[in-house]
Amino acid sequence: MASEADGLLKRLLVPILLPEKCYDQIFLQWDLLHVPCLKILLSKGLGLGIVAGSLLVKMPQVFKILGAKSAEGLSLQSVMLELVALTGTMVYSIVNNFPFSSWGEALFLMLQTITICFLVLHYRGQTVKGVAFLAGYALVLLVLLSPLTPLAVITLLQASNMPSVVVGKLLQAATNYRNGHTGQLSAITVFLLFGGSLARIFTSIQETGDPLMAGTFVVSSLCNGLIAAQLLFYWNAKAPHKKKKE
């Protein structure tokens with residue numbers, strides 16, 4: 001029975017959370033304070049937690065827009081720049097064969113972000129433009145993931161993430177400041193993105209060793225922190241009600 005339980009535990013942990021040598025180090029030799037293996041376990045656990053959380057992280061924002069039948073307070077340019085950054089991270093990670101646990105949330109956040117882009121256009125009365133945008137984005141993504149796109153272009157796209165994130169978040173911050181409130185911006189989504197980007201600094205260093213990836217998440221954390229601070233500052237501020245035309 002003990003050997004069966006050990007075999008089951010090993011299948012659950014290796015290689016999803018631990019390489020085999022670390023499993024042996026911790027569970028067979030009982031070296032519970034082996035720092036390199038503990039860092040791998042923490043990084044993998046955090047990474048998979050972030051990926052799992054990303055399945056729903058922007059859904060509060062989607063539901064808030066649908067419930068209000070309005071995307072007031074959201075900057076379309078900011079959302080689109082965020083989509084560019086997520087696409088760059090996802091494509092760059094796939095091309096470089098990084099572990100899914102180090103970038104998987106980019107895939108799910110991309111799907112939710114493009115949904116928000118469409119909803120913003122839809123509630124501005126530009127549904128046809130929204131459908132065209134979805135089709136155009138799908139085509140661009142296929143080209144980026146195909147052998148037609150040189151690695152240098154993919155690397156450049158990832159490098160452009162930092163300015164994309166900064167400009168995108170500053171546009172949203174400027175919209176919040178100009179409006180004097182955060183409109184339909186979801187507090188749950190903003191705080192989850194802030195926490196996730198902070199954790200990603202550690203996991204990207206641990207799992208990829210790529211300074212470009214780590215640097216992107218440092219910048220992303222600072223920018224998400226700015227929006228989170230605005231949400232707290234404008235917490236009790238309400239959007240003015242628009243009078244209906246008679």
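Buried means under 20% relative accessible area, and exposed means over 50%. Keep those cut-offs handy for the exercises on this predicted model.

**Exercise 1. Sort the ring residues**

Solution: 
- Step 1: Now put the two rings together. Tyr92 and Phe98 form an aromatic pair, with 6.0 Å from centre to centre and 70° between the planes. Planes over 60 degrees apart count as edge-to-face, and that is the label this pair gets.

**Exercise 2. A pair with two faces**

Task: Work out what kind of aromatic pair Phe233 and Tyr234 make, and say whether each residue is buried or exposed.

Solution: 
- Step 1: The ring centres of Phe233 and Tyr234 are 5.1 Å apart.
- Step 2: Their planes stand at 80°, so this pair is edge-to-face.
- Step 3: Phe233 has a relative accessible area of 68%, so Phe233 is exposed.
- Step 4: Tyr234 sits at 12%, so Tyr234 counts as buried.
- Step 5: The structure holds 5 aromatic pairs, and Phe100, Trp103 and Phe108 form one aromatic cluster.

**Exercise 3. Two helices meet**

Task: Describe how helix α2 packs against helix α3.

Solution: 
- Step 1: Find the helices: α2 covers residues 20–28 and α3 covers residues 35–54.
- Step 2: You need an angle and a distance, because two packed helices are described by the angle between their axes and the distance between the axes.
- Step 3: Here the angle is about 115°, and the axes are 10 Å apart. That makes α2 roughly perpendicular to α3.
- Step 4: Name who touches whom. From α2 come Cys22, Gln25 and Ile26, and they meet Cys37, Leu38 and Ile40 of α3.
- Step 5: Sort these contact residues by type: 5 are nonpolar, 1 is polar and none is charged.

**Exercise 4. The whole picture**

Task: Say how many helices and strands the protein has, and what share of its residues is buried.

Solution: 
- Step 1: Count the elements: 11 helices and 0 strands.
- Step 2: Buried residues make up 44% of the 246 residues.
- Step 3: For the overall dimensions, picture a box of roughly 75 × 45 × 30 Å along the principal axes, filled by the C-alpha atoms.
- Step 4: Finish with contacts. Of those with a separation of 6 or more, 77% join residues 24 or more positions apart.

Methods
Residues are numbered from 1 along each chain as its sequence is written. This is a predicted model: local features need pLDDT of at least 70, side-chain atom pairs count only at pLDDT 80 or more; totals for chains, interfaces and linings use all residues. Side-chain values use heavy atoms; hydrogens and water are left out. Axes are lines fitted to C-alpha atoms, for helices over the stretch in contact, and angles run from 0 to 180 degrees between N-to-C directions. Helices (H or I, at least four residues) and strands (E, at least two) are DSSP runs, numbered from the N terminus. Angles under 35 degrees count as roughly parallel, over 145 as roughly antiparallel, 65 to 115 as roughly perpendicular and the rest as oblique. Contact means heavy atoms within 4.5 Å. Ala, Val, Leu, Ile, Met, Phe, Trp, Tyr, Cys and Pro count as nonpolar, Asp, Glu, Lys and Arg as charged, and the others, Gly among them, as polar. Rings of Phe, Tyr and Trp (its six-membered ring) pair if their centres lie within 6.5 Å; planes under 30 degrees apart count as stacked, over 60 as edge-to-face and the rest as tilted. Buried means under 20% relative accessible area, exposed over 50%, partly exposed in between (1.4 Å probe, protein chains only).
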